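Here's a quick briefing to read alongside the sequence and the 3D view. Take a look at the structure, then work through the points by topic.

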Amino acid sequence: MSKHFDIIIVGQGIAGTLLHHELSKQHLQVLVIDQGHNQAASKVASGLINPITGRKYVKSWMFEDLDAQLRITYQEIGELLGNKYLSDHKIVRTLSSVKEENLWHTKSAIPSYEKYFFDQVDDSEYKQLINGAISFGEVDGGAKLDLRKLIADYREHLVNNELLLEEPFHYDALKKNGVGLWEYKESICDKIVFCEGWQVRQNPYFPNLGKEAAKGEVLIVKLDSAKITRSVKKKIFITPLKDNLYWIGSTYEWDFTDSMPTASKKQFLIDALDEMYNGIYEIVDHWAGVRPTTIDRRPLLGNHPEHDTMFVFNGLGTKGASLAPYWAKQMCSHLITGSALDSEVNISRFS
């Protein structure tokens, strides 16, 4: 006998997880279909939430609004699952030239930027470990999300509540019945939302989305006796995890044939780490994942042009940890009440 759900979500990365959380708060029955593949961007990302990014030290898009919502959402999920996933986290930028120093000081004087820039940096924990810096700047107001654990714990929550179908999604098994409901094998739903990350490029219902996916590779290393508690950025990031392990990354590759780690990118990361870090380390693991990026660096939210009960929530790219809570809440409202989606993220911008 078929089981009826209000909504089916395809994909349990950060987008699908947080959308399920928002919909569940509205007492809806929501099934998630996900195969749990290890090359999902959410399982490889560092979880850094960074207010100031890039070589030109630019404030992240909508950061104040995103930051306010993410702190609420991740606390809610922590209380639901009995854990803490988000912590405040400082990010150190290595300033390798007078030009970089001058740009840093110029940006720090902008009124809307100044609270994120800190010049009086305590560099005692890494000054002797980081090569090539004439000084350091510190980004305040950031955070770090234990993304892998949050996804894993929420998955267990779904399993315990019989709300997860753990298998690849088969598009040819999705049918619309005579009364306008979606049928997928033994499940029926009123609405379906695709949160597939980069794999949306294989989705026949949204053939024009997901073309700009970017593959990234990272190393997990154990540093000898270093105790670096803040993320340090030069050419790459050194980001602390747990048990003296550190996330080293990341690479970017737009032309790729698969989602597996490669020897060439591993060597790139080793070379970058050797150039940056003055110490001994042990490589523990090498991960690869694919980010669902977009050409304009904005998420993908919206309706299918012909099926008014089919939706997509995708394209969170490199900043999924910060973007997902805010836009999951807007997507939830759109699904329930039909409220308008922001034009900057609505997929109609590509039509």
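K25 and E22 sit three residues apart in helix α1, about one turn of the helix. Helices here are DSSP runs of H or I with at least four residues, strands are runs of E with at least two, and both are numbered from the N terminus. Keep in mind that this is a predicted model, in which local features need pLDDT of at least 70 and side-chain atom pairs count only at pLDDT 80 or more, while totals for chains, interfaces and linings use all residues. Residues are numbered from 1 along each chain as its sequence is written, and side-chain values use heavy atoms, with hydrogens and water left out.

**Salt bridges**

- Side chains of opposite charge can pair when their charged atoms come close.
- A salt bridge here is a side-chain nitrogen of Lys or Arg within 4 Å of a carboxyl oxygen of Asp or Glu, and by this rule the count comes to 16.
- K25 and E22 make one of them, with 3.2 Å between the closest N and O atoms.
- Is E22 buried or exposed? E22 counts as buried, at 2% relative accessibility, where buried means under 20% relative accessible area, exposed means over 50% and partly exposed is in between (1.4 Å probe, protein chains only).
- K25, on the other hand, is partly exposed, with a relative accessible area of 30%.
- E22 also forms a salt bridge with K329, and here the closest N and O atoms are 3.7 Å apart.
- K329 counts as partly exposed, at 37% relative accessibility.
- K149 and D153 are four residues apart in helix α5, so about one helical turn separates them.
- K149 is partly exposed, with a relative accessible area of 32%, while D153 counts as buried, at 16% relative accessibility.

**How α1 meets α3**

- Helix α1 (residues 14-25) packs against helix α3 (residues 63-81) at an angle of about 75°, and their axes are 12 Å apart.
- Axes are lines fitted to C-alpha atoms, for helices over the stretch in contact, and angles run from 0 to 180 degrees between N-to-C directions.
- That makes α1 roughly perpendicular to α3, the label for 65 to 115 degrees; under 35 is roughly parallel, over 145 roughly antiparallel and the rest oblique.
- From α1, the contact (heavy atoms within 4.5 Å) uses I14, L18, H21, E22 and K25.
- From α3, Q69, T73, Y74, E76, I77 and L80 take part.
- These residues divide into five nonpolar, three polar and three charged.

**Nonpolar cores**

- A nonpolar core is a set of buried Ala, Val, Leu, Ile, Met, Phe, Trp, Tyr and Cys residues joined through side-chain atoms within 4.5 Å.
- The largest one has 79 residues, and L19, Y74, F169, I192, F194 and F313 touch the most other members.
- Helix α7 (residues 320-337) gives the most to this core, with eight residues.
- Another core lies apart from it, with 23 residues that include A226, I228, Y246 and Y277.
- What does L19 touch, leaving aside its neighbours within four places in sequence? L19 is in contact with I9, V193, C195, F313, A328, M331, C332 and L335.

**Backbone spots to check**

- G249 and S250 are joined by a cis peptide bond, with omega about 5°.
- S250 is found in the loop between β18 (245-249) and α6 (263-276).
- E162 isn't a glycine, yet its phi is positive, near 55°.
- You'll find E162 in the loop between α5 and β11 (164-165), and it is exposed, with a relative accessible area of 62%.
- N244, also not a glycine, has a positive phi of about 65°.
- N244 is in the loop between β17 (237-240) and β18, and it counts as buried, at 18% relative accessibility.

Technical notes:
Nonpolar A, V, L, I, M, F, W, Y, C, P; charged D, E, K, R; others polar.
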